[in-house]
Amino acid sequence: MNCNKAEKYIMKYIDGELSEKEAELLNEHILKCRICKESFYIYNRISVNMVENFEYKVPDGFEARVMKSIVLVEPIKPEPDTNEGLIGIFSVLFGAGTVLVIFRDSIMDSLIQSPYMGKIARNLMPAVEYIEIHLNYANTSLASFFESLNGMLSNADLFIFALTLLLFGVQFVLVHNSQKK
């Protein structure tokens, strides 16, 4: 098995969709390949931390409303875009950056606990602390603005995160498919 195939199997494992045969193949590859072993460990820790730190109860009737709106929406026909590459790259970077900012504590904890990345992550901590000091200064200077928006944003945070994650996924698939051509 090559590393590209192993990465796909790792994602299927994280999603709980890996068959027994695929699991055996992945396990054999991970035992031989240090890079894929590290990737597997990091993705697994991030996935576990995200589940532990992100709980949300879906409102009653939410699924029915979503399914009803899906039926009513006509498929969108994509138009050729001359800026497709630049927009795709920006969208992927924006989505990845958003996820990294939201889950930075969980990600750093996972990296510090990693036997492979722990030393590097611990060396990054002074830089992270320096950045946090400046972020705290910026946060205190903008406190009144955020305080006025707090009620509105607290209800919209999950929606914004889900929408950003959805757009990130769609852009990734589009970019990935365009690279296959």
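Mentor: Let's begin with a term: a pocket here is an open set of grid points where a 1.4 Å probe fits, with protein on both sides within 12 Å along at least five of seven lines. Keep in mind that this is a predicted model.

With that in hand, the largest pocket holds about 1000 Å³ of space. It is lined by 25 residues, and M11, I14, Y43, F168 and F172 are the closest to its centre. What classes do the residues of the lining belong to? There are 17 nonpolar, 5 polar and 3 charged residues in the lining of the largest pocket. Several helices take part: α1, α3 (34-53), α5 (84-102), α6 (104-113) and α8 (143-180) each bring at least two residues to that lining.

Going by the ring rule, the count is 1 aromatic pair. Since Y13 belongs to helix α1 and F40 to helix α3, the pair ties together parts 27 residues apart in sequence. Is Y13 buried or exposed, or in between? Its relative accessibility is 39%, so Y13 counts as partly exposed.

F40 has another partner worth a look. Setting aside neighbours within four places in sequence, I30 is in contact with F40, and also with C36 and K37. I30 also belongs to the largest nonpolar core, whose 8 residues are A6, Y9, I10, L18, L26, I30, C33 and C36. Helices α1 (3-14) and α2 each supply at least two of this core's residues, and α1 gives the most, with 3 residues. There is also a second, separate core of 6 residues, among them V99, I107, M108 and L111. As a bit of background, nonpolar side chains tend to be buried together in soluble globular proteins.

One more stop, back on helix α2, which spans residues 20-32 and contains H29. H29 has a relative accessible area of 10%, so it is buried, the cut-off being under 20%. Leaving out residues up to four places away in sequence, H29 touches M1, N2, C3, A6 and C36.

Notes: Residues are numbered from 1 along each chain as its sequence is written. This is a predicted model: local features need pLDDT of at least 70, side-chain atom pairs count only at pLDDT 80 or more; totals for chains, interfaces and linings use all residues. Side-chain values use heavy atoms; hydrogens and water are left out. Helices (H or I, at least four residues) and strands (E, at least two) are DSSP runs, numbered from the N terminus. Buried means under 20% relative accessible area, exposed over 50%, partly exposed in between (1.4 Å probe, protein chains only). Contact means heavy atoms within 4.5 Å. A nonpolar core is a set of buried Ala, Val, Leu, Ile, Met, Phe, Trp, Tyr and Cys residues joined through side-chain atoms within 4.5 Å. On a 1 Å grid over the protein atoms alone, a cavity is a set of points where a 1.4 Å probe fits but cannot get out, and a pocket is an open set with protein on both sides within 12 Å along at least five of seven lines; lining residues have an atom within 4 Å of a point. Grid points are joined across faces, edges and corners, and a volume is the space filled by probe spheres set on the points. Ala, Val, Leu, Ile, Met, Phe, Trp, Tyr, Cys and Pro count as nonpolar, Asp, Glu, Lys and Arg as charged, and the others, Gly among them, as polar. Rings of Phe, Tyr and Trp (its six-membered ring) pair if their centres lie within 6.5 Å; planes under 30 degrees apart count as stacked, over 60 as edge-to-face and the rest as tilted.
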